[in-house]
Amino acid sequence: MPRGAKGMGAAGRDPVAAAEGKLSRPAPGPCNGTALRKATRRVSQLYDVVLAPCGLRSTQRSILAQIERENAPTMSDLAAALVLDLSALGHNLKPLERDGLVTILVDRADKRSRRVTLTKRGIARLEESTSLWQEAQARFEVAFGAEESVALRRSLALIASEEFTAAFHTR
């Protein structure tokens with residue numbers, strides 16, 4: 001069995017303790033950026049496995065949910081809400097548009113802007129994914145802890161905010 005004692009997980013942790021939210025805390029590295037990227041990749045992988053039956057990746061579901069929340073946002077507004085640049089947003093929207101989940105249309109009020117809307121198929125796929133997403137959320141909270149999960153989301157929301165960006169750039 002790789003990297004662990006018999007009956008232990010791949011990292012040598014007791015799976016029963018892990019299921020009860022009693023995970024060991026590995027020593028952190030010195031770089032906040034690296035730690036966040038690694039954690040983001042891991043959480044995305046875990047959520048992707050749970051979401052697989054509906055055919056969406058966690059990043060795609062996030063985009064569809066944001067479009068629904070904003071009700072036909074402009075590309076610029078959607079990019080800002082997702083903390084993406086426009087080219088990355090365009091790259092992420094292509095498969096959603098190809099699969100008929102979103103449409104991108106010229107804004108009637110401002111011909112220079114484009115708006116993103118969910119199609120009927122996109123709304124149905126988002127609804128289909130909701131119970132799977134809730135399952136992924138529940139699994140995360142069991143593994144990490146409910147209170148810790150709330151605190152983590154609060155911290156991450158601050159880090160993603162414009163206020164944090166401004167504070168980061170001031171010395």
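Buried means under 20% relative accessible area, exposed over 50%, and partly exposed in between (1.4 Å probe, protein chains only). The model is predicted, so that local features need pLDDT of at least 70 and side-chain atom pairs count only at pLDDT 80 or more, while totals for chains, interfaces and linings use all residues. Residues are numbered from 1 along each chain as its sequence is written, and side-chain values use heavy atoms, with hydrogens and water left out.

**Exercise 1.** Classify E141 and R153 by accessibility, and state how their side chains pair.

*Solution.* Step 1: E141 has 27% relative accessibility and therefore counts as partly exposed. Step 2: R153, with a relative accessible area of 41%, is partly exposed. Step 3: E141 forms a salt bridge (a side-chain nitrogen of Lys or Arg within 4 Å of a carboxyl oxygen of Asp or Glu) with R153, the closest N and O atoms being 3.2 Å apart. Step 4: this pair links distant parts of the chain, since E141 is in helix α6 and R153 in helix α7, 12 residues apart; helices are DSSP runs (H or I, at least four residues), numbered from the N terminus.

**Exercise 2.** Determine whether S129 is buried or exposed, and list its contacts beyond four places in sequence.

*Solution.* Step 1: S129 lies in helix α6, which covers residues 120–144. Step 2: because its relative accessibility is 0%, S129 counts as buried. Step 3: leaving aside neighbours within four places in sequence, S129 is in contact (heavy atoms within 4.5 Å) with L51, C54, L56 and R61.

How values were computed
Helices (H or I, at least four residues) and strands (E, at least two) are DSSP runs, numbered from the N terminus.
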